[in-house]
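Here's a quick tour of one structure, written as a short report. Have a look at it first, then read on.

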Amino acid sequence: MHETQHSPIRRWGAFAGLLAATVFFLAPLVWMVSTSFKPESQAASESLRLLPDPPGDAPRIAAENYRAVWTDDSINFPLYLRNTLIVALLSVVGMVLSSAVVAYGFARPAWRLRGPLFTVVLATMMIPFPVLMTPLFVLFSKFGWIGTLKPLWVPAWFGAAFNIFLLRQFYMGIPKELDEAARIDGCGHWGIFWRIILPLSRPALAVVALFHFMYVWNDFLAPMVFIVNRDNFTLALGLQLYQSKAGNTPWNLLMAASTLVAAPVLILFMATQRTFIRGLSTGAGKE
Amino acid sequence: MKGGLRRELIGLAWVGPWIIGFLAFMLVPALMSLRSSLSDDPLLQAPLWVGMDNYARLLTDEVFHKALLNTFIYAGAAIPLSVLLAVVLASLLNTRGLRWKRFFEAAVFVPTLAPLVASSMVWMWVLNGRYGLLNAALSVVGIDGPNWLLEKGWAMAALVLIALWGVGQAVILCVAALKEVPEQLYEAADLDGMGPVRAFIHITLPMISPVVLFNTIAMLIGAFQVFVVPFVLFQKDKGGPDKSAYFYTSYLYDNAFVFGQMGYASAMAWVQMLIILALTGLLFLASRRLVFYRAG
């Protein structure tokens with residue numbers, strides 16, 4: 001009975017409902033891209049056209065708009081892209097390595113403090129960032145990190161609660177018999193971790209890397225608090241500056257800039273949809 | 001005993017990186033913040049002990065009251081609507097034999113991925129009173145849309161709409177939970193002559209209630225920290241029309257980094273944390289009767 005489909009009424013009703021929902025969810029993004037293809041004179045108009053008039057002009061106008069954003073004198077988008085990539089790389093590597101190691105400590109060796117400490121790990125997910133942001137600013141300035149990119153990536157090398165939780169759940173699903181076999185072969189904890197757990201956890205590690213990359217790429221509040229120097233801006237900060245600075249930047253250029261910043265994560269998601277959704281679903285339901 | 005100690009040390013060594021990070025980037029800052037909240041603490045200058053003054057000031061600060069009230073209104077509207085929308089969309093997605101399922105799943109989820117600054121700017125454009133997509137669409141059906149971001153009540157409505165737009169993550173979690181509901185339950189209900197609506201209320205809802213609770217708590221924590229979207233949307237007239245979109249974290253941020261009152265901001269941060277903890281606790285209590293956990 002498992003494979004039976006729902007009745008046609010239910011199937012078509014659901015289809016129609018989801019189609020309407022899709023318009024709501026996608027229209028703003030479609031409109032963003034569409035506006036970036038239009039000349040300034042047509043962007044601000046009450047018409048609902050998706051392409052400029054005449055439509056054949058779209059590639060030329062798009063090229064002009066995107067070039068105007070990329071080479072704008074007052075905003076250094078190429079530099080902000082470089083900063084974002086540096087932060088993302090250092091931060092993702094640190095997050096995956098540290099969370100993988102810490103999760104092992106919470107999954108395999110048996111020790112008494114394990115349970116209580118893991119509860120603390122989970123509890124830290126409840127701490128709102130605003131509680132920490134002002135003292136962290138003071139702390140980072142004592143470290144001499146304000147004016148550098150360090151506040152954005154060094155903390156990632158100490159793991160994060162959600163990722164530790166996700167990996168621990170995954171490790172728990174790996175049969176303990178494999179550990180035993182490795183132990184008989186003379187492996188200690190490090191050997192088990194390195195030869196058994198890590199290779200088998202590649203899908204989960206990929207999910208952590210993916211989530212964290214997106215988090216870093218999109219993060220706005222932490223860069224806004226900790227980055228004071230315009231040369232250290234990330235893309236998210238740069239985009240906000242681009243909008244607020246000029247005040248009346250034309251909408252077609254603002255939407256081109258938004259598309260530039262949003263496109264990489266959206267494309268990355270489409271390329272990894274299956275991994276992504278599976279990872280998200282493992283994280284939940286097992287609280 | 002020696003073996004026991006050795007085992008604890010091995011465990012601690014593995015989780016060591018997290019412990020160091022927890023001490024350095026959470027516990028120490030939290031203690032600093034607690035001390036700061038009891039001081040007159042101008043940014044990067046020596047603090048002066050003032051006891052509970054900062055907390056007392058919250059009681060009489062009208063801007064604080066306004067920001068707090070706005071935050072409650074926002075949370076009160078956005079959370080129930082989002083939770084409901086997530087369950088509805090997830091149920092539709094869970095239809096067996098549904099066409100384009102993966103496409104729909106992606107469409108619902110994609111908005112949560114766009115960087116908040118970018119999507120805020122997009123919404124600013126969509127909600128533009130004159131050239132915005134939303135009002136253009138409304139005029140097609142003969143409705144003369146409001147000036148969303150410039151009128152008092154509508155600014156809040158716009159923010160709730162944007163919150164609903166970001167419901168994707170909750171939907172995916174609900175879909176995962178729905179897949180776990182055993183088919184036999186529905187078959188049994190069918191044999192008992194239970195209609196689809198009653199089956200939804202008596203089987204589906206209880207079975208996915210842990211995930212609904214999880215979604216509610218995650219949204220609560222998020223809604224009480226709302227900052228980026230109103231910050232970008234109301235860049236020019238700060239806080240929106242008549243400060244109707246000025247939120248808790250907006251005021252906290254301004255106190256810390258614009259007015260340079262770290263002590264006052266820290267007091268606000270602790271009160272914020274207590275509010276979130278209290279509401280989460282209440283939710284857990286209220287959910288005891290409502291949430292159903294499967295054995296095993």
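## Polar contacts and the interface

Between chain B and chain A of this predicted model, 12 residue pairs are in polar contact, with both partners at pLDDT 80 or more.

What does the chain B side look like by residue class? The residues of chain B that touch chain A split into 72 nonpolar, 15 polar and 10 charged. Helix H1 of chain B (residues 2-37) supplies the largest share of that side, with 21 residues.

Interface size is often quoted as the accessible area lost when the parts come together. Here, chain B and chain A bury about 8900 Å² between them, and carbon and sulfur atoms account for 79% of that. On the chain B side, the residues that lose the most area to chain A are B:Trp14, B:Trp18 and B:Trp125, which together make up 11% of what that side buries.

In terms of contacts, 97 residues of chain B meet 100 residues of chain A.

## Aromatic pairs

Counting over all chains, the structure has 43 aromatic pairs. One of them is A:Tyr104 with A:Phe193, an edge-to-face pair with ring centres 5.4 Å apart and 70° between the planes. A:Tyr104 sits in helix H4 of chain A (residues 77-107) and A:Phe193 in helix H10 of chain A (residues 189-200), so this pair ties together parts 89 residues apart in sequence.

## A look at B:Phe200

Where does B:Phe200 sit? You'll find this residue in helix H10 of chain B (residues 196-223). B:Phe200 counts as partly exposed because its relative accessibility is 28%, which falls between the 20% and 50% cut-offs.

Which residues does B:Phe200 touch, leaving out those up to four places away in sequence? The contacts are B:Val87, B:Ser91, B:Leu205 and B:Pro206. As for B:Tyr293, that residue is 93 residues from B:Phe200 along the chain, and their C-alpha atoms are separated by 17 Å.

Note on methods. Residues numbered from 1 in each chain as written. Chains lettered and ligands numbered in written order. Predicted model: local features only at pLDDT ≥ 70, side-chain atom pairs only at ≥ 80, totals over all residues. Heavy atoms only, no water. Contact = heavy atoms within 4.5 Å. Buried area = accessible area lost by both parts, 1.4 Å probe. Polar contact = N/O pair within 3.5 Å; in protein donor to acceptor, adjacent residues only side chain to side chain. Helix = DSSP H or I, 4+ residues; strand = E, 2+ residues; numbered from the N terminus. Nonpolar A, V, L, I, M, F, W, Y, C, P; charged D, E, K, R; others polar. Buried < 20%, exposed > 50% of the residue type's maximum accessible area, 1.4 Å probe, protein only. Phe/Tyr/Trp six-rings, centres within 6.5 Å; stacked < 30°, edge-to-face > 60°.
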